[in-house]
Amino acid sequence: MNVKVQIWDWPLRLFHWLLVLAVTGAYVSGELGGSLTDWHGRLGSLTLGLLVFRLVWGFIGPKYARFANFFPTLSGLKSYIKGDWRGAGHNPAGALAVLALLTVLGWLVVTGLFANDDIAFEGPLFHLVDKDLSDKLSGWHKRAELPLLLLVGLHVGAIGYYRLVKKVDLLRPMLTGEKQFIKAQAPRPMRGVSPPRFLFSLLIAVLAVWAIQI
Amino acid sequence: MKIKVALGLMLSAATLAAFAGPVEEQIKARQSAYAFLGWNTHLIKSQVSDHPETYNKEKVIAAATVMAAIAKAPLLDLYGPGTDQGTGWKPSHLKADYFQKQDEIRQINDTFAQEAAALQAVATQGEIADIKTQFGKVGAACKSCHDQIRVRD
């Protein structure tokens, strides 16, 4: 007997899919360059806002959105490898990948703020550093591309592996928020999204994006 | 007659090498060209994209004219052997790969010259939207070369 339990709250899902769009768009516009370079910058700013939102949400959001809920520990990883892990949110290996992905994106956003393309584009905080440092950060921005692609590949590959080999659908829960559980193992449903907490997280994210423009 | 032509060719080759000068001079000259190119590029970007309220048709035409002239100049003559190593105003950022990719780079350089000439043409017409679009095409040509043969910091 299976039951569906709400695991991923709607702001978290919205964050996830907006991040997919922003990062895909930033990647494509960055590769193509030319007139699209300005869009690369705008999508980078959107990514900053999304990451800041996720950071705050990771502390004040519902249970499964919190870093404390899924922060990978050695014992957690060991039990996951043995197949004993019985959590409901991110599993320990998935959590490692999530944190690595967020770290690489954070690195891309921060270096991008100070970057320049030696053509006609400067990141919004370029004026705060000298050109030599900006050039170095631009190089490190570009060098983060491969780690990003590898992690995205790992993320998507793992979802495919779960779907095909372990017969677990991870995609649908990120759309609907609900995961299937055997009734005896089902976790208690999480509390709903608190509007003040959501608005607070959104406010911090908007402030961050606004702050880099001045 | 044949000897004269051969002699003439040899002489002009020698003169070309003399014009290009020592490694440091070649690197300095091309770095100067790109620095001035960049200054003009930023003038246009600022007036058509970031601060369109400051758009000044004559200044944009002047900047586009400089860009087209630099793009048309035989800058690839300044990429002689050894210029991936030396220092001009600052260390060379040329990848050694350049010497295997010269045909490809020559094509990109031609595209760059064509796009910059087109930019000069639309600047003369004075439609900001058209200038912006064409400016993007010049930038794409810059990028395609940077991606191939420019060392990243």
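**Entry 1: a helix pair.** I looked up α2(A) and helix α9 (residues 195-211) of chain A, which pack at an angle of about 145 degrees with their axes 8 Å apart. Axes are lines fitted to C-alpha atoms over the stretch in contact, and angles run from 0 to 180 degrees between N-to-C directions. Helices are DSSP runs (H or I, at least four residues), numbered from the N terminus.

I noted that this is a predicted model, in which local features need pLDDT of at least 70 and side-chain atom pairs count only at pLDDT 80 or more, while totals for chains, interfaces and linings use all residues. Residues are numbered from 1 along each chain as its sequence is written, and chains are lettered from A and ligands numbered from 1 in the order in which they are written.

**Entry 2: the core.** I found that the largest nonpolar core has 26 residues, with Ala22(A), Leu50(A), Leu51(A), Phe53(A) and Val109(A) having the most contacts inside it. Such a core is a set of buried Ala, Val, Leu, Ile, Met, Phe, Trp, Tyr and Cys residues joined through C-beta atoms within 7 Å; buried denotes 20 or more other C-beta atoms within 10 Å of a residue's own, with C-beta atoms placed from the backbone. I recorded that α1 (10-32), α2 (37-60) and α5 (92-113) of chain A each supply at least two residues of this core, and that α2(A) gives the most, with eight residues.

**Entry 3: confidence.** I read an average pLDDT (the predictor's confidence in each residue, from 0 to 100) of 90 for chain B. The model scores ipTM 0.83 and pTM 0.90.

Technical notes:
Buried ≥ 20, exposed ≤ 12 C-beta atoms within 10 Å, placed from the backbone.
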